[in-house]
Amino acid sequence: MTVTDLIPASSHAPDRQTQARRLELYLAGATVALSPMNYFRLEMAYFTASDFFGFLTVIVMLLNRSVPLRFFGPATSLWLFSLMLFLGGLLLGSIVQGDPVDGLIAFVQYFYSLVLIPIIISCRRLEETFLLMRVLIYSVSAIMLFGIYLIVFVPDANPMLVSGSGRLRSLLERENAAGAMAAIAITFSVYLRIVGIFGLMHFVTIMAILVYGLMLTGSNTGFGAATLGTGMILLLAGGVRTIVAAALLAAIFSATVLQFGDLFLPEVFQRRVFGALSSVDIEQAGTFMDRFALMQEAFQLSNETVWLGLGADQYRTFSSYGAPVHNTYLLVLSEGGVLSLLGLSGFFLSAFALGIVAYRSPESRMLGALTLVTVILFALLLNAFAHFYARFWHVPLALAMSLSLPRVAYSMYR
């Protein structure tokens, strides 16, 4: 049995209902497509073009009476309980020690990302989930292609899109975030190739854009995530022939890069990633040492904030470096205390439980594989980032978790 065998046949709904559902899907697609395009947002507040379409989607879903209250199936209760702990810790710290306004802002941002995005994406028919997944991949590919164009053809590109050191930021406006999204899109693309949704030439074209864009970000985090994500999805979802073929291609590519990499690899990739790998010198890996210093400071500070955090977005005011630590776990522990850290752990437990249940069933094994890989990848990536309410984090996670929902969850649209 393949993944395509699990896609239910479309039912013949009345024209008006069909049109309403189609509008809802189009709006959800726009929400997903714009989620990595951080550039399109208001200056006065973090409200993006993706958010605009997201709210329209929710309105249409309310009119269609298709809002899934149990958006993550049996894991919804644990997810919402984790949300209460996570936001409760941040709000408590903000009220007692920090700034209540910052606490309210964090509450609104995280509530949208952790509740409304899953509502928009989850509990859709399987073919719709795969469609939204392809939309995300195409969106990230377009962002990478736009960034490649800027670096190659525009000498003095907007520094919000290309860093002063020549690293690709594109419409995400952040080098490492762009690298992380490229890594997730690469993992999703490999998965769609394994399950037969992407044809060979389609897959090769998408991968060429994503891999070259990833190199131009010069992101060690993105490169490591892409390698790990691809390896895990091959092991969990790939057959023996697929794994062997991928291993041979990886060996040939690695040998070519080690021997002739300085002739064709982008300069920024050679300087920040390839140099550190070839010399096994972690100090060449970009700003790792600076981030490590922040992590040491956060670890010391967290000893004083275990029970009562500093409050949302207050870490920078206490840090001698004047910047938030690029480690979500330490940042959450510092700003929200143990309550928020338990809530964050609960999110991963919810997602992991869904993936495990699906993976253990022969009928949904291939679906659960991507859920597990995405959750693990997401958990590891947060070791290199600060707050994670940006929309591009939650869209791929919600998509991957939706694959592992019990098949009964899709019956609401049949």
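**Entry 1: what I am looking at.** I noted that this is a predicted model, in which local features need pLDDT of at least 70, side-chain atom pairs count only at pLDDT 80 or more, and totals for chains, interfaces and linings use all residues. Residues are numbered from 1 along each chain as its sequence is written, and side-chain values use heavy atoms, with hydrogens and water left out.

**Entry 2: the whole chain.** I found 15 helices and 0 strands, where helices (H or I, at least four residues) and strands (E, at least two) are DSSP runs numbered from the N terminus. The radius of gyration is 21 Å, close to the 22 Å that the globule rule gives for 414 residues, so the chain is as compact as a globular protein of that length; the radius is taken over C-alpha atoms, and the rule is 2.2 Å times the number of residues to the power 0.38.

**Entry 3: helix α3.** I looked up α3, which covers residues 76–96 and reaches 30 Å from its first C-alpha to its last, close to the 30 Å expected at 1.5 Å a residue; the expected span is 1.5 Å times one less than the number of residues. Its buried residues include Trp-79, Leu-83, Phe-86 and Leu-90, and among the elements that cover the buried residues of α3 are α4 (100–121) and α13 (328–360).

**Entry 4: the core.** Which residues have the most contacts inside the largest nonpolar core? They are Phe-86, Met-144, Tyr-191, Phe-388 and Trp-393, in a core of 105 residues, a core being a set of buried Ala, Val, Leu, Ile, Met, Phe, Trp, Tyr and Cys residues joined through side-chain atoms within 4.5 Å. Its largest share, 13 residues, comes from helix α6 (residues 175–194). Not counting residues up to four places away in sequence, Phe-388 touches Phe-86 and Trp-393, among others, contact meaning heavy atoms within 4.5 Å.

**Entry 5: Ser-122.** I ended in the loop between α4 and α5 (126–153), where Ser-122 lies; this serine counts as buried because its relative accessibility is 1%. A polar atom of its side chain lies 2.7 Å from the backbone oxygen of Phe-71, and the backbone oxygen of Pro-118 lies 2.6 Å from a polar atom of the Ser-122 side chain.

Notes:
Buried means under 20% relative accessible area, exposed over 50%, partly exposed in between (1.4 Å probe, protein chains only). A polar contact is a pair of N or O atoms within 3.5 Å; within protein, one must be able to donate a hydrogen and the other to accept it, and residues adjacent in sequence count only if both atoms are side-chain atoms.
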